[in-house]
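I opened this notebook to record what I looked up in one protein chain. The entries follow the order in which I consulted the model.

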Amino acid sequence: MNGIYYYLIAFIVIWILAFGLKNKLTNHGFEIQFPLIMWRTEKFKNFIKRMANLSPKFWKWFMNIGIVISYIAMIYITWTLVSSLSSMLETPSVSLVIPGVEMPGSSIYVPLGYGLIALATVLIVHEFSHGILAIVEKINVKSVGLMLFAILPGAFMEPDEEEMKEAKKSSKLRIYAAGSMANITLAVMALLIVSAVGSYVIPSTFEEDGIEVDRLVGDSPASKVLKEGMIIESIDNHKVHDSNSYVNAVNNLKPGQNITIGTNDGDYSIILDKNPNNESKGYMGIQAAKHYELNGGVASIYGDTLPWIWFGVLELFQWICILNLGIGLFNLLPLKPLDGGHMFETLLSYKLPKYFYKPIVNSLSLILGMIIIFSIVYGFL
């Protein structure tokens, strides 16, 4: 079932319940104004205060480093976006990523369950970090909570706007940098877990045994023939027994080529299409994964079922890493209203008058915004 239908069903159910129970929900801190549901709670606010008061000096020094990292990341992500203009018509540089939904122009498919959990970590960690630094900088946090825009989850932190305007520039920079730095930090932590599980736990628990069809891209050549879960044993008489042999077998495939794929369920013929990312390469539409067999010694101790949970742990933390890093870096673009836009404006305000730096920030925001919008729209064409 296409993920978009899950969102549609959830949308209908949530909003029927929201309007049906509006009076009761309002008494518990909910604010319902279609298409937005906001839940303000003192529990989150108190949690943020406790975190901020653990070590204000640590948070300040950590975010001083974060400011430097954020500006370096800002230069990197801006250069990456601008330099992608030459290839944008072939491969859009920016695309929407919605868990469970195949988005046109995107080569990344985020699974529904793992994707929603990972997205929740992005939003909560990002906003709570803004709140922690606001309190450290003696700026009142009016409210903290969770929200739902139509069907998309989110989190929010509302600082006192007047106090933000009057705050020192260094304080503003620490607050603006906090969200993306928290995302990048979480991404690094998740990467360490992925490395540990992938490099040590899984190799000692399982034995690699071929390549499995993990997912089939919708309306691709393979989607009309193969099924998810099949084990690929050969491609055009090239034996496939591990990831290296699989890569070697597909590297020389060309568009229009008629190939035979041998699987554990028989042989299948596929006419290749052009690869969306490289038209000179053949395209099957397969997302492959290593196929594993449980080590006999491990099975005798833990049984045949429990050890497989490590693959769920691995995939979950992979997506936590990918989404936190990707969204954290994107948020550092010098584009208002993103945090990067506010940081860029604050940086310019150190040396330039307002009438000079405002047009610079607005013009750059307009240019980058147009590139992003064009890239997203072109992906749907």
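Before reading any sheet, I noted that two strands count as paired if DSSP finds at least two bridges between them. Helices (H or I, at least four residues) and strands (E, at least two) are DSSP runs, numbered from the N terminus.

**Entry 1. The model.** I recorded that this is a predicted model, in which local features need pLDDT of at least 70, side-chain atom pairs count only at pLDDT 80 or more, and totals for chains, interfaces and linings use all residues. Residues are numbered from 1 along each chain as its sequence is written, and side-chain values use heavy atoms, with hydrogens and water left out.

Entry 2. I looked up β2 (residues 36-40) and found it paired with β3 (residues 141-149) in the antiparallel sense, over 5 bridges. Within this pair, Leu-36 has Phe-149 of β3 as its bridge partner, and Ile-37 stands opposite Leu-148 in β3. I then followed β3 to β4, with which it forms 8 bridges, again in the antiparallel sense. There, Val-144 stands opposite Met-157 in β4. The hairpin of β3 and β4 has 2 residues between the strands, and its Ala-150 takes a positive phi near 65°.

In what order do the 4 strands of the open sheet stand? I read the order as β1-β2-β3-β4, with antiparallel pairing. The edges are held by β1 (30-33) and β4 (152-159); each has a single partner strand, so one side of each is left without a neighbour in the sheet. From one strand to the next, the twist averages 20°. For such angles, axes are lines fitted to C-alpha atoms, for helices over the stretch in contact, and the angles run from 0 to 180 degrees between N-to-C directions.

**Entry 3. Helices on the sheet.** I next asked which helix lies across β2 and β3. It is α3 (residues 42-54), which runs at about 125° to β3. Helix α5 (residues 112-136) also packs on the sheet, where it touches β3 and β4, and its direction makes about 0° with that of β4. Contact here means heavy atoms within 4.5 Å.

**Entry 4. Two further hairpins.** I found β8 (residues 258-263) and β9 (residues 266-271) paired in the antiparallel sense over 6 bridges. A hairpin of 2 residues joins β8 to β9, and Ile-261 has Tyr-268 in β9 as its bridge partner. Strand β10 (residues 273-275) runs antiparallel to β11 (residues 278-283), and 3 bridges join them. This hairpin also passes through 2 residues, and Asn-275 stands opposite Asn-278 in β11.

Entry 5. A cis peptide bond joins Phe-34 and Pro-35, with omega about 10°; Pro-35 is in the loop between β1 and β2. Another cis peptide bond joins Lys-336 and Pro-337, with omega about 15°. I placed Pro-337 in the loop between α10 (309-330) and α11 (339-349). Lys-138 is not a glycine, yet has a positive phi of about 65°, and lies in the loop between α5 and β3.

**Entry 6. A bent helix.** Where does α7 bend? I located a bend of about 40° at Ala-178, the bend being the angle between axes fitted to the seven residues ending there and the seven starting there. Helix α7 (residues 169-205) has 37 residues and reaches 52 Å from its first C-alpha to its last, close to the 54 Å expected at 1.5 Å a residue. That expected span is 1.5 Å times one less than the number of residues.

**Entry 7. Tyr-109.** I found Tyr-109 in the loop between α4 (56-83) and α5. Leaving aside neighbours within four places in sequence, Tyr-109 is in contact with Gly-100, Val-101, Glu-102, Arg-215, Gln-287 and Trp-319. Its C-alpha atom is separated by 8.2 Å from that of Ile-98, 11 residues apart along the chain.

**Entry 8. Domains.** I recorded domain 1 (1-34), domain 2 (45-200 + 315-380) and domain 3 (207-302), with bounds from an automatic or database domain assignment. The C-alpha centres of domain 1 and domain 3 lie 41 Å apart.
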